[in-house]
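This briefing is for a reader who is meeting the structure for the first time. Please look over the sequence and the model before reading on.

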Amino acid sequence: MAPRRESVPFAFVAETDGFRSNVAPPPRERLSAGVVAGRTLIGLTVAAGLVGALVFGTPALSPDPSPARTQQSEATVDDR
């Protein structure tokens, strides 16, 4: 027995494409100058911290190419 195929009305799908809501969201509240300045300062502080960590951390991570100079303690040096 073959499965029975029924036609599905897609008229309701076509109607939803043209649907527009008449309810608008409330307008966004403008930020005050203090809030904008505070967010800017926080962003600059974070950026300066990352740049500072990169500047101070890069030399520590690079290998020393010429370890020619060795340190000697004063206890082992005997010049008499």
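Of the 29 residues of α2, how many are buried, and does that leave the helix largely in the open or covered? The number buried is zero, so α2 lies largely in the open. The model is a predicted one, and the points below go from the chain as a whole to single residues.

**The chain as a whole**
- The protein chain has two helices and zero strands, and buried residues make up 0% of its 80 residues.
- Its accessible surface comes to about 8,700 Å², and 62% of that surface belongs to carbon and sulfur atoms.

**Helix α2**
- Helix α2 covers residues 33–61, and at 1.5 Å a residue its 29 residues should span 42 Å, which agrees with the 42 Å between its end C-alpha atoms.
- Thr-45 is found in this helix and counts as exposed, because its relative accessible area of 57% is over the 50% cut-off.
- A polar atom of the Thr-45 side chain lies 2.7 Å from the backbone oxygen of Leu-41.
- An α-helix has 3.6 residues a turn, so residues three or four places apart point the same way.

**The nonpolar patch**
- On the surface, Leu-31, Val-35 and Val-36 form a nonpolar patch, and together they have about 220 Å² of accessible area.
- Leu-31, one of these residues, has its place in the loop between α1 (11–17) and α2 (33–61).
- Leu-31 counts as partly exposed because its relative accessibility is 46%, a value that falls between the 20% and 50% cut-offs.

Notes:
Residues numbered from 1 in each chain as written. Predicted model: local features only at pLDDT ≥ 70, side-chain atom pairs only at ≥ 80, totals over all residues. Heavy atoms only, no water. Helix = DSSP H or I, 4+ residues; strand = E, 2+ residues; numbered from the N terminus. Buried < 20%, exposed > 50% of the residue type's maximum accessible area, 1.4 Å probe, protein only. Areas by Shrake-Rupley, 256 points an atom, 1.4 Å probe, with all protein chains shown as cover. Patch = residues over 30% accessible without salt bridge, like charges linked within 9 Å, V, L, I, M, F, W, Y side chains within 5 Å. Salt bridge = Lys/Arg side-chain N within 4 Å of Asp/Glu carboxyl O. Expected span 1.5 Å × (residues − 1). Polar contact = N/O pair within 3.5 Å; in protein donor to acceptor, adjacent residues only side chain to side chain.
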